[in-house]
Amino acid sequence: MTKPTITYGHGFLDDCNKLTGLTYGDWTETDTGALLSSAVSVDDYFVLTRTAGVAEAFLSYPDEGGANNLNLSPSIYTKIYWRFKTSSSNLKAKIMLIDSGGHGQTVLPETSSTLFTVGSATINFGDADLLDHIRLYANALASATGTVTYDFVLVCKNIFVFPNTQYGTEFTPPARYADIEIPSRITDVTQNLGSPSATFTASCNLDIGRLTTTSGTCTGDDWKRPQGVDAVYQTDFMKGEVFVDISHNSVTEPFQWLDTGKQRFKVTLRTPRFPEHSDSHTLDLEFREYSRSSKSNESYLERFG
Amino acid sequence: MNLQVTRQKLTLGTRDSVTGWYAKSFVDTTVEMIIITKGSTNSLLPPGTYVRTDALGLTTDGFLEGDQILADNTYYEVKATREHTVGDSFYYRECDLTLLPLENLTGATYTESTVEDARYRNKVYLETWLSSTALPNYIVAYGEPDYPLTRVFKEKGVDLVYSLGEHTSDTVIDSDHYPFGYKEHVPITTLCINKINIAGTKLMHQAETELRRVAETYPLGSLRALGARRPQTKRLGSLTLYSAEYMMEYQRDST
């Protein structure tokens with residue numbers, strides 16, 4: 001029984017398609033110089049190539065030697081998500097957050113994965129310090145060389161857990177060919193001209209809004225944020241408001257991270273619908289897969305895993 | 001022959017915060033009563049009397065419905081009393097008695113669920129929104145209390161009872177096949193009688209009007225709606241018990 005979840009409220013997003021010329025400058029190497037190179041691959045991934053040696057190698061954003069800081073409050077932006085892979089088990093990804101006091105929180109300890117892997121963590125510096133810098137590491141065992149690839153880093157306010165999807169969900173992973181009708185079709189259907197994005201639809205009952213993790217004495221409705229608290233502490237005005245938030249801010253938040261409970265991928269939210277009838281108020285959602293590059297770069301397990 | 005039995009006189013105390021029932025307490029006194037059990041033949045039975053329930057008690061002492069009797073380690077509850085007179089003088093009293101074979105048993109302890117009873121949810125709802133200015137002395141309580149309703153109308157001075165019956169329910173299933181809520185149907189029965197200044201049939205209508213007002217004004221939250229109404233008025237001898245049952249339908253989560 002895993003309820004779908006989705007991120008909301010971006011504080012920082014790097015889709016790993018640009019190393020320089022960002023809002024606060026460039027991703028900058030500030031270690032001892034163990035990185036051989038850093039580059040953007042297929043307009044979608046940071047590929048950090050490193051030389052052999054145990055010295056840690058990382059890029060920071062913004063430049064820790066510069067004047068700019070992210071200035072994100074962990075009390076507002078509570079979660080960080082990332083996606084990475086390593087070229088072998090000898091290469092190690094690692095992510096550390098640097099706060100305004102110069103202290104670090106390692107949200108991703110040294111980890112290897114030859115398939116793209118998603119992770120998340122709660123940002124907690126243990127004090128009121130702000131999140132100022134993000135470090136993406138490419139570490140290695142002593143004699144190893146190779147690459148660490150990052151797909152995205154997202155700092156967001158939180159995740160929203162769908163209280164229910166009573167009226168159904170539908171995951172639609174399309175075949176990867178263009179389904180061209182006869183008059184235009186030249187040869188077989190498998191022409192590799194591209195294909196639609198995967199979609200996920202969910203139809204929810206807004207009238208029942210209690211997560212199983214919420215206390216029975218709680219007066220709040222989990223279709224409103226923050227979830228799991230008494231109504232007096234909830235700031236959302238309407239049920240399902242998080243999806244209005246996501247929809248409205250889609251102009252500055254290119255994608256959200258959706259976990260359907262079975263599949264996980266980047267999505268954009270199509271126009272949410274809030275039908276109201278005498279016997280039920282519902283919410284209809286359609287999410288469309290987001291991707292900067294061809295899905296040929298990933299296996300289906302990585303794509304939806 | 002020893003005719004002495006223990007009379008346990010029922011007294012209703014304060015109301016339970018969950019069920020709305022009055023707390024029962026008993027005051028023991030020793031009285032005399034002839035107890036004739038069902039199926040037995042006894043020459044002491046006056047002509048025309050017979051054992052209607054488990055036993056019949058004949059006594060000159062005062063008893064009311066709900067009182068209990070302890071005789072020879074056996075508990076009985078007084079279900080009805082009938083007074084017999086000769087001319088204008090009290091002669092003796094018949095008491096219909098039911099056996100209480102499981103009285104005074106002690107059970108084990110347990111931890112109560114935090115999931116609220118469907119009746120309790122509706123009790124809180126009604127007690128929150130019913131208007132005490134629109135209604136005379138009323139209470140909202142679970143149905144089937146283990147004491148006679150006559151005590152409530154007479155001893156406690158209650159004019160109107162909203163009685164919450166046991167619910168029926170349907171499970172609401174999520175798309176992942178796990179249940180996450182319930183649609184519950186709780187019968188609410190209004191009960192009232194004629195009193196000085198109160199016409200029971202009018203009060204029954206007033207109770208319905210007030211119930212409808214609450215349901216019309218506060219349908220949100222658990223999505224309550226007042227469903228079917230069934231007339232339940234009964235003539236009980238000389239007493240008319242004005243009553244109607246309404247089905248309160250609502251949705252709830254599983255917690």
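This is a predicted model: local features need pLDDT of at least 70, side-chain atom pairs count only at pLDDT 80 or more; totals for chains, interfaces and linings use all residues.
Which residues of the largest nonpolar core touch the most other members?

**Entry 1: the core**

I looked up the core and found 36 residues in it. Those touching the most other members are A:Phe12, A:Trp27, A:Ile80, A:Ile134, A:Leu136, A:Tyr150 and A:Val155. Next I checked which elements give two or more residues to this core, and I noted strands of chain A, including β4 (45-50), β6 (79-86) and β11 (146-161). The largest share belongs to β10(A), with five residues.

I then picked A:Val155 and listed its contacts, leaving aside neighbours within four places in sequence. Among them are A:Phe12, A:Ile80 and A:Ile134. A:Gly9, A:His10 and A:Gly11 are also in contact with A:Val155.

I went to A:Thr5, which sits in strand β1 (residues 5-14) of chain A. Is A:Thr5 buried or exposed? I noted it as buried, because its relative accessibility is 14% and the cut-off for buried is under 20%. Beyond its neighbours within four places in sequence, A:Thr5 is in contact with A:Ile159, A:Phe160, A:Val161 and A:Phe162, and also with A:Trp257, A:Leu258 and A:Asp259.

Setting aside residues up to four places away in sequence, I saw it touch B:Leu56, B:Tyr92 and B:Glu94. B:Glu94 is 45 residues from B:Thr49 in sequence, yet their C-alpha atoms are 8.6 Å apart in space.

**Entry 2: charged pairs**

I reminded myself that side chains of opposite charge can pair when their charged atoms come close. I read off a count of 35 salt bridges over all chains.

One of them joins A:Asp15 and A:Lys266, at 3.2 Å from N to O. The two are 251 residues apart: A:Asp15 is in the loop between β1 and β2 (28-29), and A:Lys266 is in strand β15 (residues 264-269) of chain A. I checked both ends: A:Asp15 is buried at 6% relative accessibility, and A:Lys266 is buried with a relative accessible area of 6%.

A second pair is A:Lys239 with A:Asp221, at 3.6 Å. Both lie in the loop between β13 (199-205) and α1 (241-248) of chain A, 18 residues apart. I noted A:Lys239 as partly exposed at 25%, whereas A:Asp221 is buried at 17%.

In chain B, B:Glu77 forms a salt bridge with B:Lys79, with the closest N and O atoms 3.5 Å apart. B:Glu77 is buried at 13%, while B:Lys79 is partly exposed at 41%. I also found a network in which salt bridges that share partners join A:Asp15, A:Arg83, A:Asp151, A:Lys266, A:Lys295 and A:Glu298.

**Entry 3: where the chains meet**

How many residues of chain B are in contact with chain A? I got 15, meeting 18 residues of chain A. The two chains bury about 1400 Å² between them, 54% of it on carbon and sulfur atoms. B:Ser175, B:Phe180 and B:Thr255 supply 35% of the area that chain B buries here, more than any other three residues.

I counted two salt bridges between the chains. One of them pairs B:Asp174 with A:Lys3, whose closest N and O atoms are 2.5 Å apart. There are also four residue pairs in polar contact. On the side of chain B that touches chain A, β14(B) gives the most, with three residues. By class, I noted five nonpolar, six polar and four charged residues on that side.

Conventions. Residues are numbered from 1 along each chain as its sequence is written. Chains are lettered from A and ligands numbered from 1 in the order in which they are written. Side-chain values use heavy atoms; hydrogens and water are left out. Contact means heavy atoms within 4.5 Å. Buried area is the accessible area (1.4 Å probe) that two parts lose on being put together, summed over both. A salt bridge is a side-chain nitrogen of Lys or Arg within 4 Å of a carboxyl oxygen of Asp or Glu. A polar contact is a pair of N or O atoms within 3.5 Å; within protein, one must be able to donate a hydrogen and the other to accept it, and residues adjacent in sequence count only if both atoms are side-chain atoms. Helices (H or I, at least four residues) and strands (E, at least two) are DSSP runs, numbered from the N terminus. Ala, Val, Leu, Ile, Met, Phe, Trp, Tyr, Cys and Pro count as nonpolar, Asp, Glu, Lys and Arg as charged, and the others, Gly among them, as polar. A nonpolar core is a set of buried Ala, Val, Leu, Ile, Met, Phe, Trp, Tyr and Cys residues joined through side-chain atoms within 4.5 Å. Buried means under 20% relative accessible area, exposed over 50%, partly exposed in between (1.4 Å probe, protein chains only).
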